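Keep the sequence and the 3D view open as you read.

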Amino acid sequence: MGKKQRDCVSCGAPVGYLDREHCCRCRRRMKEQAAKAKCPSCGKDRVLQQDTGRCILCSRVCEQCGRPVRAAGNRLCRDCRRKTDRLAAQQPCPRCGKPGYLRETTGWCGPCSHPGSPKKPPRVCRECGRLRRHAGLGLCSPCWQKHPQRPFIRGEHLRERLADPPAWLGDFVAHVAARHCVARACGFVTDLGRLLEDEHSNSPQALLERSRRPGRSMGSFARALEDFFTLRGLALPTDQAERLAAGRRKRRVDAVPDTLRPAVVAFDASRMRAQDRARRAGTRPRSDHTLETALAILRDLALFLVEHRGKDDWALVDVHDVEAFLATLPRARKRRLTVLRQFFRFARSKHIVLVDPTRTLTAKEPNGFRGRTLTLDQQRDLFRRWTTDEDVHPYEALVGMLALLHGASSSEVRMLQVTDVDPVTQSVRLGKRPHPVPLDPASWDVLQRCLAHREAWPTANPHVMVTKGTKAGRSPASTAYLSHVLDACGYPPRTIRSTRLVDLVNTMDPKLVAAVFGMDPQAALIYLAGHIDEGRLPVSEPGRK
């Protein structure tokens with residue numbers, strides 16, 4: 001053994017050779033490590049085999065399924081070996097000829113040794129009169145599947161199985177049977193039995209929370225339970241709307257670059273606290289749509305700064321960056337600048353920025369109405385379409401006629417309920433208007449078409465417009481549905497309503513129009529002809545004052 005010359009640079013052990021810096025153990029470990037590489041199958045540092053390019057464990061694979069085989073002497077994995085052994089033990093059955101395990105008593109396979117009970121002979125169905133096999137209550141299978149008593153029979157069977165059935169079980173079965181098809185109602189009763197038979201609490205609120213599915217949709221069963229419990233005052237509504245709003249805000253915040261995201265997160269948290277304070281104080285809190293729109297604007301600004309301006313810190317933003325961002329969408333300048341002022345005011349209070357870059361920016365725009373309106377010929381075409389064309393959907397005709405003749409907004413028609421319709425005076429109550437709106441004969445006929453279309457659906461929804469997604473509940477039609485209900489005619493509801501408002505404001509007193517429509521007086525003044533089109537004003541003849 002050589003004399004110690006120096007210490008090993010890796011572990012500090014003695015090194016007995018002049019030309020070495022590592023001890024014998026470290027040299028051996030380094031040599032073994034140099035011979036290893038990352039295995040493409042398992043990802044571990046192993047010595048790769050030359051024929052397969054993988055480690056020795058991953059090189060041994062099953063010949064049938066390709067799964068790894070750990071034992072060196074095996075050619076098949078555990079599952080394939082068991083399957084092979086089972087197949088080897090099977091023999092062809094003398095009776096059916098299929099491979100199986102022959103019984104010693106009969107010499108046949110299991111199905112042949114123990115045949116099932118013979119099928120019952122077909123009988124005449126008491127519903128359809130056809131000769132078919134009996135399914136239940138003297139009905140064939142198709143008639144039994146759509147029999148209206150199936151949910152109630154399943155509910156009775158569930159009541160017999162439960163040791164302490166709830167008192168509202170029968171009412172729930174009747175509730176879902178009246179609003180859903182037979183198959184879905186039976187499925188809801190089955191899902192309810194699964195919840196009632198587990199070890200958790202069976203209180204209505206606990207059942208409602210356990211019935212919710214994870215994700216963006218709580219599920220049709222949870223919605224049915226929520227409608228039933230809230231309608232009878234047994235449980236509080238779920239926070240599904242708040243969860244969806246939180247998910248939308250999170251997706252917008254996550255899209256912000258990492259370096260700019262903490263400030264946006266803090267801004268969102270402050271706005272949520274302000275919304276909660278306003279809600280507790282009874283004032284007008286910001287809506288979820290307003291908060292989401294603000295986060296979308298900040299997301300677009302952050303992406304613009306990183307991708308086009310090369311800045312990854314809010315402190316580096318100047319007025320030129322904000323001006324360039326606002327120039328990308330000139331028509332949204334006012335709305336975007338309002339949000340950016342709020343954000344940079346918050347950032348300056350939290351010492352994220354030293355100077356507010358939006359302090360000197362302005363968004364001066366005329367207050368007059370700048371939207372589109374329809375000509376008289378276009379209005380006549382729409383009136384003929386909605387009053388004479390039988391192929392037009394009743395909901396399209398209702399939304400169009402109320403907007404064209406009565407200036408009704410999409411939200412007013414969306415929230416219109418059956419109780420708001422007065423058949424004696426032929427009037428309806430729209431939104432927050434102080435007085436009922438009398439309908440002309442054409443509009444009343446369109447409304448009757450909608451009510452007849454609604455009566456054809458087995459629904460308890462109180463609204464006039466009922467869709468496939470809302471017929472089982474009590475909520476109004478979605479805003480997305482209302483935004484596309486007039487796509488077939490080619491004009492949006494806002495354009496049709498604005499046409500009516502422009503005509504009323506320029507032919508009547510704007511304050512009177514605002515009072516009838518429940519609008520702010522200043523909101524009606526922007527529709528005056530002086531703000532819209534000078535051609536609407538009467539032109540004086542030459543020489544006449």
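## Before we start

Take arginine 223: its relative accessibility is 39%, so it counts as partly exposed. Also keep in mind that what you're looking at is a predicted model.

## Patches on the surface

Let's stay with arginine 223 for a moment. You'll find it in helix H10, which covers residues 220-231. It also belongs to a positive surface patch, together with Arg184, Arg213, Lys468 and Lys471.

There's a nonpolar patch to look at too. Met508, Leu512 and Val516 make it, and it takes up about 250 Å² of the surface. Leucine 512 sits in helix H22, residues 510-517. With a relative accessibility of 42%, leucine 512 counts as partly exposed.

## Salt bridges

How many salt bridges does the structure hold? The count is 23. A few of them are worth a visit.

Start with arginine 212 and aspartate 239, whose side chains meet in a salt bridge with 2.9 Å from N to O. This pair links distant parts of the chain, as the two residues are 27 residues apart. Arginine 212 is in the loop between helix H9 (204-210) and H10, while aspartate 239 is in the loop between H10 and helix H11 (240-254). Is arginine 212 buried or exposed? Its relative accessible area is 9%, so arginine 212 is buried. Aspartate 239, on the other hand, is partly exposed because its relative accessibility is 35%. Both residues also turn up in a network of salt bridges that links Glu209, Arg212, Asp239 and Arg243.

Next, go to helix H11, where aspartate 254 and lysine 250 sit four residues apart, which means that about one helical turn separates them. They form a salt bridge, and their closest N and O atoms are 2.8 Å apart. Lysine 250 has a relative accessible area of 53%, so it is exposed. For aspartate 254 the value is 38%, so this residue is partly exposed.

The last pair on this stop is arginine 333 and glutamate 323, with side chains that meet in a salt bridge at 2.9 Å, N to O. Arginine 333 counts as buried because its relative accessibility is 18%, while glutamate 323 is partly exposed at 32%.

## Two loop residues with positive phi

Now for a pair of backbone details. Histidine 351 is not a glycine, yet it has a positive phi of about 60°. Look for it in the loop between helix H15 (333-349) and helix H16 (376-388).

## Two buried spots in helices

Let's finish away from the surface. Threonine 499 lies in helix H21, residues 493-507, and it is buried because its relative accessible area is 6%. What lies 2.8 Å from a polar atom of its side chain? That would be the backbone oxygen of threonine 495.

Leucine 382 has its place in helix H16. With a relative accessible area of 4%, leucine 382 is buried. Along the chain, leucine 382 and cysteine 489 are 107 residues apart, but their C-alpha atoms are separated by 7.5 Å.

Key: Residues numbered from 1 in each chain as written. Predicted model: local features only at pLDDT ≥ 70, side-chain atom pairs only at ≥ 80, totals over all residues. Heavy atoms only, no water. Patch = residues over 30% accessible without salt bridge, like charges linked within 9 Å, V, L, I, M, F, W, Y side chains within 5 Å. Areas by Shrake-Rupley, 256 points an atom, 1.4 Å probe, with all protein chains shown as cover. Salt bridge = Lys/Arg side-chain N within 4 Å of Asp/Glu carboxyl O. Lys, Arg positive; Asp, Glu negative; His and termini not counted. Charge placed at Lys NZ, Arg CZ, Asp CG, Glu CD. Buried < 20%, exposed > 50% of the residue type's maximum accessible area, 1.4 Å probe, protein only. Polar contact = N/O pair within 3.5 Å; in protein donor to acceptor, adjacent residues only side chain to side chain.
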